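Keep the structure open while you read.

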Amino acid sequence: MKIYRQELEKIKGYKPGKPIEEVKRELGLAQVYKLASNEIPFSPFYIDKAILDDLKNINRYPEGGCFYLRERIAKKLKVAKNQIIFGNGSDELIVLTLRALIEKGDEVIVSYPTFLIYEIQARINNAKVIKVPLKNLGYCLDEIAKKVTKKTKIIFIANPDNPTGTYLPHRDVESFLKKIPDRVLVYFDEAYFEFAPKDFPRTLQFLKGRKNVMLTRTFSKAYGLAGLRIGYGVASRELAEILNKVREPFNVNRFAQVAAIAALKDKYFLKKVVSYIKREKLYLYKELKKCGLCFRQSATNFILIDYGKDTTGLYNYLLSKGIVVRTLKSWGLDNFFRVTVGKHKENKKFISCLRQCFSQK
Ligand SMILES: Cc1ncc(COP(=O)(O)O)c(C=O)c1O
């Protein structure tokens, strides 16, 4: 007799990029370069003081409503304070939204392949998942609009997208939204927002006068706080209130809150990261071209690469050299792999190991 929900057995859990500690343990390597989870390669120096100052309060629960951070983000984005919701990473906001909106039989539309958490969590929350294939590695908004039925509750859009690194520009999103009925929530996941180019959608404009649009962003990527887990969403007041109701009371820890405030105060670090990533992407593009590999220009801090054949051998070879990349088999892209932009010496080592792997064949 099984005591849990039987349908959960059919759902494959999320498999993250291998952590550095695990690779060191398993392969007995002293040096491991992780280019697998779209983190930035620098630890933000600006947060030390904020965290040390708050250390003396660690015996107390954090403020569940993230009061001071909320004030800052509201001011920065020019939205009302009660339109904001915070999550233990932006991942949690996906879960909370599904928890709040989905009733049995409801449908959720996702592209395929895209960030896997939408599908996994939608299924855990009893939604039927409708998958719309990418076209030329980009979202096909016309096809997505055609799939909307009376049962559709949420459309998840990762913009820029993971794992492709492609993005939808403002005008495409604007005309898409005109086709979507008010009863369907369009969820824009903007985890890589800070890296995106100029014609990226001004999504906050779409929230004005609409109750069926929300966006989420994160401190995990460009701000370098992946290990602390903090992201936020902006929605209509009504939806934000409901999402706040369904979250755990202390979902965002103290250090995440003070570090995020410090992150917003320090404009220099973010600027430095964004220009660094731009520069290193150019280096990687140039070297990948020399290797004869196909890839798409990326609006993020990672690059999707077409290896032209199964990537298992390459993945294992790189791993044996202490370089962790991401194969995309779970996404159904058997011949592709994804590399996160690392420190320059890490990128150089990646390229040189890639070359060695080619020369062995
Ligand atoms: C598209 C997308 N959304 C959300 C996330 C999760 O970010 P967070 O660390 O804020 O939970 C990721 C992480 O890789 C992502 O790629």
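## The sheet around β13

Strand β10 (residues 302-306) pairs with β13 through five bridges, in the antiparallel sense. This is a predicted model: local features need pLDDT of at least 70, side-chain atom pairs count only at pLDDT 80 or more, and totals for chains, interfaces and linings use all residues. Residues are numbered from 1 along each chain as its sequence is written. Two strands count as paired if DSSP finds at least two bridges between them. Helices (H or I, at least four residues) and strands (E, at least two) are DSSP runs, numbered from the N terminus.

Strand β12 (326-328) is also antiparallel to β13 (residues 333-340), with three bridges joining the two. Four residues separate β12 and β13 in a hairpin. In its turn, glycine 332 has a positive phi of about 80°.

These residues stand opposite each other:

| Residue | Opposite residue in β13 |
|---|---|
| Aspartate 306 | Phenylalanine 336 |
| Arginine 326 | Arginine 338 |
| Leucine 328 | Leucine 333 |

The open sheet has four strands, in the order β9-β10-β13-β12, with antiparallel pairing. Its edge strands, β9 (294-295) and β12, each pair on one side only.

Is β13 enclosed or open to the outside? Six of its eight residues are buried, so β13 is largely enclosed by the rest of the structure. Buried means that 20 or more other C-beta atoms lie within 10 Å of a residue's own; exposed means 12 or fewer, and partly exposed lies in between, with C-beta atoms placed from the backbone.

## Helix α13

Helix α13 (residues 344-360) has 17 residues. From first C-alpha to last it reaches 24 Å, close to the 24 Å expected at 1.5 Å a residue. The expected span is 1.5 Å times one less than the number of residues.

Its buried residues are Glu346, Asn347, Phe350, Cys353 and Leu354. They lie on the same side of α13 because they cover an arc of only 130° around the axis. On the other side, Lys345, Gln356 and Ser359 are exposed. The cover over the buried residues includes α11 (267-290), α12 (312-320) and β13.

## The nonpolar core

The largest nonpolar core has 99 residues. Such a core is a set of buried Ala, Val, Leu, Ile, Met, Phe, Trp, Tyr and Cys residues joined through C-beta atoms within 7 Å. Ile155, Val186, Tyr187, Ala259, Val325 and Phe337 touch the most other members. Helix α10 (residues 254-265) gives the most to this core, with seven residues.

Methods:
Arc of directions from axis to C-beta. Contact = placed C-beta atoms within 7 Å.
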